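User: I would like a close look at a single part of this model. Please treat one residue and its surroundings in a connected account.

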Amino acid sequence: MVTGEFPYIHGFSPEEQSRLVRQARMFETTLFNRIDYSEATRLLEIGSGVGAQTEILLRRFPNLHVTGVDLSAAQLAAAEQNLATTAWCSARYTLQQADATDLPFADRSFDAAYLCWVLEHMPSPARVLSELRRVLSPGAVIYVTEVLNASFFLDPYSPNLLRYWMAFNDLQYDSGGDPFIGAKLGNLLLAGGYRDVQTEVKSFHLDNRQPGKRKQMIEFWEELLLSAADQLVATGKVDTATVEGMRHELQAVRNDPNAVFFFAFVQARALVY
């Protein structure tokens with residue numbers, strides 16, 4: 001995920017970098033079941049981070065060469081380490097440190113683009129999409145996947161977790177991001193000059209039908225939430241009692257035989273003419 005000159009809510013620790021790889025694998029089936037880059041050869045990935053999504057793109061679409069850009073040198077170094085050890089990625093990717101609002105590429109350099117969990121962290125998503133369109137050739141396809149954090153639901157009722165979740169979203173918003181940007185993708189792409197804009201709401205609805213996957217998701221969600229705990233406490237948005245209360249509630253939910261987890265996000269597809 002892109003960051004560097006503005007705050008990134010999850011940080012850049014080795015634990016966070018590892019979480020991003022596991023996140024990509026957990027979400028892969030849901031994220032990629034409608035994505036089609038079979039006609040593309042030169043893809044630009046904005047916010048390539050640790051290369052977790054890059055590896056999936058190269059594995060699923062053998063004709064692609066992926067150029068990944070990110071503001072963070074730490075993330076790019078981790079991406080190089082991750083991709084260099086993967087056989088099918090060899091000689092099929094380029095990584096570059098760059099500002100997504102001022103890309104170092106000529107007009108019409110790419111015939112596809114991919115953004116995932118990126119615009120939520122950017123102060124100027126409209127500028128990013130406008131600059132991206134400049135470097136895409138006519139007929140290029142773009143897929144953008146983004147969060148809609150207002151959709152999060154967990155049962156049994158967990159008041160500390162909900163207080164923490166709202167503070168989490170407040171911190172992201174105050175840092176220049178947008179934790180609800182998924183719902184706005186249609187408008188952003190239209191305003192950016194893209195055509196044939198389509199959006200799809202995707203979701204995880206986990207209950208007694210998939211108890212193993214439900215437990216795995218709740219454990220992952222706790223890790224995601226705790227990645228921002230130090231920042232939330234340091235900025236006074238939550239206190240340590242709320243953090244500990246959230247952890248106890250998540251443990252109780254994880255062990256509840258009738259727990260429910262729900263989260264929705266939005267994936268958009270558009271073309272350049």
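In which strand is Glu146 found?

Analyst: This is a predicted model, in which local features need pLDDT of at least 70, side-chain atom pairs count only at pLDDT 80 or more, and totals for chains, interfaces and linings use all residues. Residues are numbered from 1 along each chain as its sequence is written, and side-chain values use heavy atoms, with hydrogens and water left out.

Glu146 is found in strand β5, residues 136-147 (strands are DSSP runs of E, at least two residues, numbered from the N terminus). Glu146 is buried, at a relative accessible area of 0% (buried means under 20% relative accessible area, with a 1.4 Å probe and protein chains only). Not counting residues up to four places away in sequence, Glu146 touches Trp117, Val118, Leu119, Glu120, Ile181, Gly182, Leu185, Phe265 and Val266 (contact means heavy atoms within 4.5 Å). A polar atom of the Glu146 side chain lies 2.6 Å from the backbone nitrogen of Leu119. Phe265 is 119 residues from Glu146 along the chain, yet their C-alpha atoms are separated by 6.0 Å.

Elsewhere, Trp221 is in contact with Phe152, Trp165, Phe261 and Phe263, leaving aside its neighbours within four places in sequence.

Definitions and conventions
Helices (H or I, at least four residues) and strands (E, at least two) are DSSP runs, numbered from the N terminus. Buried means under 20% relative accessible area, exposed over 50%, partly exposed in between (1.4 Å probe, protein chains only). A polar contact is a pair of N or O atoms within 3.5 Å; within protein, one must be able to donate a hydrogen and the other to accept it, and residues adjacent in sequence count only if both atoms are side-chain atoms.
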